[in-house]
Amino acid sequence: MPPPSKDRNEILLAARGLKKHFAVKGGLLQRAIATVHAVDGVDLVIRRGETVALVGESGCGKTTLGRLLLRLIEPTEGDVLFNVPEDVFERMRANGPAATQDDGQTKELIRQYSITRRRRRSMKALRRFMQPVFQDPFTSLDPRMLVKDIVAEPLLVSGLATRPEAYEQGARLLEEVGLRPEHLYRFPHEFSGGQRQRIAIARALAPEPEFLLLDEPTSALDVSVQAQILNLLKDIQRKQNLTYLLITHNLSVVRHMADRVAVMYLGRILERKRTAELFSNPLHPYTKALLSAVPVPDPKRRRERIILPGDVPSPIAPPAGCRFHTRCNAVLPHCGWSPRDIAATAAHMFDPSRNPDASELPPLEEVTIRGDEVLLLRYREPATESNRLGVEALVKARAERPEGIAFRAIQYVRLDGGRILLEFLPAKEPELLEIVPHHFVACYLYPGVTSATN
Amino acid sequence: MEPILVVRGLKTEFLTSRGLLRAVDDVDLQIRKGEVLGLVGESGSGKTVTALSIMYLLQQPPGRIAGGEIWFRGLNLLAGSDEDIRVVPRTVGPPKFLPADDLLKQHRARMNRVRGHGMSMIFQEPMSSLNPVLRVGYQVAEVLMFQRRQEICDRLLSRRDLTDADLGLFRQAVASGEASERERLVAEFCVRSGLRPEKIHALIDASGLPIDERIARVRRLAVRRRRGGGWWLRFLKRLDAMEEIHFTREWERLSRLSLGQPAVDLFDPKKNPRAKGLPPLATVSPQPDALRLYFHAAVGSGGDRRKGDLLVPSEDLRARVEAHLRDSASGVFGAIFGIVKSVGITEDAIELRYREPATDLFRTETELWSRRLLYRIATSIPVLRSVLARPIEEEARRHVVELFRLVRIPEPTKIYDEYPHELSGGMQQRVMIAMALAGEPALMIADEPTTALDVTTQAQILWLLKDLRTRIDSAILYITHDLAVIAELSDRVAVMYAGKIVEAAPVADLFANPLHPYTQGLLQSIVSTESQGLEPGAPLPTIPGVVPDLLAPPSGCRFHPRCKFAFDRCRVEEPKLLAHGPNRRVACHLYPEEGASAAA
């Protein structure tokens, strides 16, 4: 395997079909009872010297993805590739985006560049090239260590320097991040939030990394200090030609820092494009909502606001089809409506004792969900063809009302052994397609463009 | 509009191992009814301590309110918190001397009544402010049971049998297909019938029941509804009403006794330039029923009658004092001196006579004490206590479900029974807002309520606060370090730096033309999604340096070490907060005094 530091290849980090599922344990025997789909099939490329931002609400899996990229946790599926030459990467990608149908040759290439398939011990040599900076500088620094030890530790651990050298290096690093050498002999609690974040940055810079994972580096800081830290990060990047992955929920930070943006929602990337284009021409409804949520520091501007209803759905059972369809304001019938979206309403609608419009139906006994596509209605007496027509008429009437969008996804109403089946359009997740060059969106609003490589 | 909260010269100190730290230094604030005041500054500038001082929630010691006054709806919040006041005059008989302990106890009890109903606070971190072992709904219900028990008793006492109109609502709810519509109908039905919403929901959701059977079951539920216990509810209602009046009366008396300082600030021509038409003030004497003003005989006022050094008041002087009082009625002093009924003359002083104190509901204090005793006895028996409290708790529960709906919590009946850790950050913050709203406060203090939340959730919460403000008309003091949030929500802004207010202005003026260099720096360092004419990749403008150590604040203007306009005077002389234009005040030597001085 080529040592990554020798040839500085074009593509620094790439995720291929990366997945991370956590088991939820419960019951007496602590057996896995459910799975959290924290990261669910992510492809991402980070080129040398650029800043990629990962944006999304809390709980969307952005931090988990960051940890996977550094191999701080092991992926369930997929690979993280490190330091890949462009032509090799193209060859890998020629087979399609998913990592499943790879041929022997691609597999060989992946094995060569993947850091997730390496042994833990050989991983250690790579660690110094990728360093994290965490969100909360109040918890990410050891309160019992002097600043000089905090900054020198990565150097000592990776065996890059002797102790005196490491301290000397530490003093230099502190100056680089805007602190003074006398700060070396203090404890973290003697510093303000902004200064602590500077120490965390100095620590990350110590082993001369090529890649920094910035996990919400400024969200615990004051607005005025945030600007200082962002300037510092930009400055260091320019000087040392670093590559950043910036994880944040704040789009205004993204605008200032990033070259490219990936918008994440429930473990999937919904939109990926260059920063300037994201702000001038957001395509995915979720991106639009995120953008409109950022407060504008101008009291005279009263903007149309898209307020997303509710919270992010649980990643234990992400919605079928497009994961965003339950909160989307531009939703279409084929976005992935499934029986669970309408089960409660159906129990009402098709019950003659509650809905006067359904009076000619027999009393409703039970409503059951079968899979992602079928809703079963069982009546007290076996349903007849005329009952089926009645249900169909109710569905049609409902589908014409604006709030009845989910009913437009009902494809057939069938009679099956005395029960009535409501069959839905098959739920398919929209693929991340290139709509405009370098602009990928996963949304059914923008169809018809076949997957092209950039 | 008249201010509901007036803070004058507030000073809050902390005694630390390294010395005395003055976290809030001479802060003046006023909030009018229904207004949103934004309080901005970096961390460590004293915003939260100001809020905690207003709510009197400081940890004491080491904290201490070292000076100043806080007037809330015309009453002095700090009256009695200070050990110096030892005399409690009574309307009948000689003044009563109280040891300081008793006064403090009274003050504490009074603050307990003001918090919640008068003003409430939304804290920054909902997860650490909610009790992890209690259901969230109960935590909100507790506020209601404490603050608004009278209303709950009223609602319970006014129960009646189910009417056809009530049952019609139920029928509608059964027939309605829309979940939100159903929620609304069920809520209304439950308010009218006094039944528990979750039972009604269960009845509606049961499939396959004919409508007549459903109605029969509702009737049965209504019959089973707890009746009786009316004597206890009436007893509680009267006790609460008596307590309320008792406290307000005592509080009014104490407030009247602490009117001395404001009176000097208002009527002394040396302190208030608007009082120039008045002769020099000699002394003021607050009495339980009036405030006496004694004036010096001015040098040039030969025509006036003198008595020793003092002026014998004439009808003309009385009229001038009255006119001066009327002129200042719209501002801070209007809120403080709103209790003055008339201005009269005694032989050597002008007398500001107060309104009658709160009316007596009860002849003697014996009745109050006997009721308190009975209440103590009844609630000290556990079984009896739970039996007596149950209907009140159930009624509070219904009310909480309505509150949850107001703050747009989906499925409020379900959320009621959940624990804080089961809710997302946004939901927790909504519960906190519901709790703050429970007492229907005149003033809500929101201390960085969205700082720990996502932008999308922040947008929801801001929208909710804006919406609530139009619906319940309560004033909001919004504390944040993010000026962008202020731009979205506030009417006026006060910028705080190192324990002092450095600029106060209406929000549009502040953003269009920030005066103080610190405000300018704050505004420039906002990272925005808009381009601001900044090249992508160009460094953001920042304020160099950090907030000073308040144990040893810089001399002169506290901002001068970080200020790019600082000149010699800034290092020596501390700028005062002076009026600049009609609505603005700024504390900076860059802006000359304009002939105007400290605004009233």
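The buried residues of α1(A) are Lys62(A), Thr64(A), Leu65(A), Gly66(A), Leu68(A) and Leu69(A); buried means under 20% relative accessible area, with a 1.4 Å probe and protein chains only. This is a predicted model, in which local features need pLDDT of at least 70 and side-chain atom pairs count only at pLDDT 80 or more, while totals for chains, interfaces and linings use all residues. Residues are numbered from 1 along each chain as its sequence is written, chains are lettered from A in the order in which they are written, and side-chain values use heavy atoms, leaving out hydrogens and water.

Helix α1 of chain A covers residues 62–69, and six of its eight residues are buried, so the helix is largely enclosed by the rest of the structure. Helices are DSSP runs of H or I with at least four residues, and strands are runs of E with at least two, numbered from the N terminus. Arg71(A), which follows α1(A), has a positive phi, near 55°.

The table turns to the interface.

| Item | Value |
|---|---|
| Residues of chain A in contact with chain B | 55 residues |
| Residues of chain B in contact with chain A | 57 residues |
| Area buried between chain A and chain B | about 4400 Å² |

Contact means heavy atoms within 4.5 Å. Buried area is the accessible area (1.4 Å probe) that two parts lose on being put together, summed over both. Carbon and sulfur atoms give 53% of the area buried between chain A and chain B. Val223(A), Pro297(A) and Arg354(A) supply 14% of the area that chain A buries against chain B, more than any other three residues.

Key
Buried < 20%, exposed > 50% of the residue type's maximum accessible area, 1.4 Å probe, protein only.
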